[in-house]
Amino acid sequence: MSDERKPMAKTTGMTGTTGNIEPSHIAGHPVLDFVNTVAWRTDDSRRVERVPNAAAWTRWAAAAGLGATPLPDEASLHSLREALTAALDALVDGTVPPAHAWDALRQAALAAREDAALPRSFPLRPVPATIAGKLALLAEELLGDASALPRVRRCAGPGCGWFFLDRSRNGARRWCSSGDCGNRDRARRHYARTRQGT
């Protein structure tokens with residue numbers, strides 16, 4: 001495999017590709033950070049799973065502000081992530097979400113509420129028991145927020161596919177990170193200009 005084809009670690013918000021996730025996430029919402037736990041999502045030759053096991057998911061959840069949770073069911077997390085990815089791609093592309101993804105999100109939200117604790121206090125708020133449950137209810141909240149939905153963006157970097165909330169004043173943010181995919185784009189454009197001048 002040539003160097004160009006080897007999986008490259010996205011450096012933003014992590015110290016390596018082994019699941020050692022740093023607390024500072026860049027997407028602006030835990031659900032988007034969750035979907036972004038796959039690096040180079042739209043490039044199969046570089047695709048990397050950033051959270052490789054249950055213990056790493058527990059560390060990731062703590063860094064994402066989801067609190068202490070028992071070791072998660074990885075299959076549930078992967079299923080939820082796949083459904084959310086399809087729904088968010090549809091949102092950004094302005095298309096109808098796939099029926100199977102929408103049904104999976106519905107089932108995840110129902111399961112989260114069914115398994116949640118309900119403390120006798122106000123405001124009335126269910127407390128999900130698992131990482132997947134917490135993320136499912138946060139996803140329901142995000143996807144139901146009419147003010148947030150227009151700000152959900154997908155990185156313009158080739159092969160990246162990461163999502164983020166664009167909170168820039170003019171709504172023109174293009175990259176998951178200016179120092180990551182933004183730098184790559186600037187390098188590509190500089191190289192193209194240099195080639196044209198030869």
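**Figure 1. Overall view of the predicted model.** Of the 198 residues in the protein, 39% are buried (buried means under 20% relative accessible area, exposed over 50%, and partly exposed in between, with a 1.4 Å probe and protein chains only). This is a predicted model, in which local features need pLDDT of at least 70 and side-chain atom pairs count only at pLDDT 80 or more, while totals for chains, interfaces and linings use all residues. Residues are numbered from 1 along each chain as its sequence is written, and side-chain values use heavy atoms, with hydrogens and water left out. The protein has 6 helices and 4 strands (DSSP runs numbered from the N terminus: helices are H or I with at least four residues, strands are E with at least two). Along the sequence the pattern reads α-β-β-α-α-α-α-β-β-α. Take the contacts between residues at least 6 apart in sequence: 56% of them join residues at least 24 apart (contact means heavy atoms within 4.5 Å). The accessible surface comes to about 11,100 Å², and carbon and sulfur atoms hold 54% of this area (Shrake-Rupley method, 1.4 Å probe; for residues, only the protein chains shown count as cover).

**Figure 2. Close-up of the Arg-41 to Asp-89 salt bridge.** The two side chains meet at 3.0 Å, N to O (a salt bridge is a side-chain nitrogen of Lys or Arg within 4 Å of a carboxyl oxygen of Asp or Glu). Arg-41 sits in the loop between strand 1 (38-39) and strand 2 (48-49), and Asp-89 sits in helix 3 (residues 74-93), so the pair ties together parts that are 48 residues apart in sequence. Both Arg-41 and Asp-89 are buried. The pair belongs to a network of salt bridges that links Arg-41, Asp-89, Asp-93 and Arg-154. A search of the whole structure finds 7 salt bridges. Side chains of opposite charge can pair when their charged atoms come close.

**Figure 3. Close-up of two further salt bridges, Arg-46 with Asp-43 and Arg-113 with Glu-140.** In the Arg-46 to Asp-43 pair, the closest N and O atoms are 2.9 Å apart. Arg-46 and Asp-43 are both buried. In the Arg-113 to Glu-140 pair, the closest N and O atoms are 2.4 Å apart. Arg-113 lies in helix 4 (residues 99-115) and Glu-140 in helix 5 (residues 131-143), so this pair ties together parts that are 27 residues apart in sequence. Arg-113 counts as partly exposed, at 42% relative accessibility. Glu-140 also counts as partly exposed, at 38%.

Figure 4. Helix 3 has 20 residues. From first C-alpha to last, helix 3 reaches 28 Å, close to the 28 Å expected at 1.5 Å a residue (the expected span is 1.5 Å times one less than the number of residues). Its buried residues include Leu-77, Leu-80, Arg-81, Leu-84, Leu-88 and Asp-89. At the start of helix 3, a side-chain oxygen of Asp-73 comes to within 3.2 Å of the backbone nitrogen of Ala-75. Just after helix 3, Gly-94 has a positive phi of about 70°.

Figure 5. His-78 is partly exposed, with a relative accessible area of 30%. Neighbours within four places in sequence aside, His-78 is in contact with Glu-49 and Trp-57. Val-35 lies 43 residues from His-78 in sequence and 9.4 Å away in space, C-alpha to C-alpha.

**Figure 6. Close-up of Trp-40 and its positive phi.** Trp-40 lies in the loop between strand 1 and strand 2. Its phi is near 55°, a positive value in a residue other than glycine. Trp-40 is buried, with a relative accessible area of 0%. Most residues other than glycine have a negative phi, and most peptide bonds are trans.

Figure 7. A cis peptide bond joins Phe-122 and Pro-123, with omega about 0°. Leu-124 is exposed, with a relative accessible area of 60%. Leu-118, Phe-122 and Leu-124 make a nonpolar surface patch of about 420 Å² (patches take residues with over 30% relative accessible area and no salt bridge; like charges are joined within 9 Å, and nonpolar side chains, namely Val, Leu, Ile, Met, Phe, Trp and Tyr, within 5 Å).

Conventions
A polar contact is a pair of N or O atoms within 3.5 Å; within protein, one must be able to donate a hydrogen and the other to accept it, and residues adjacent in sequence count only if both atoms are side-chain atoms.
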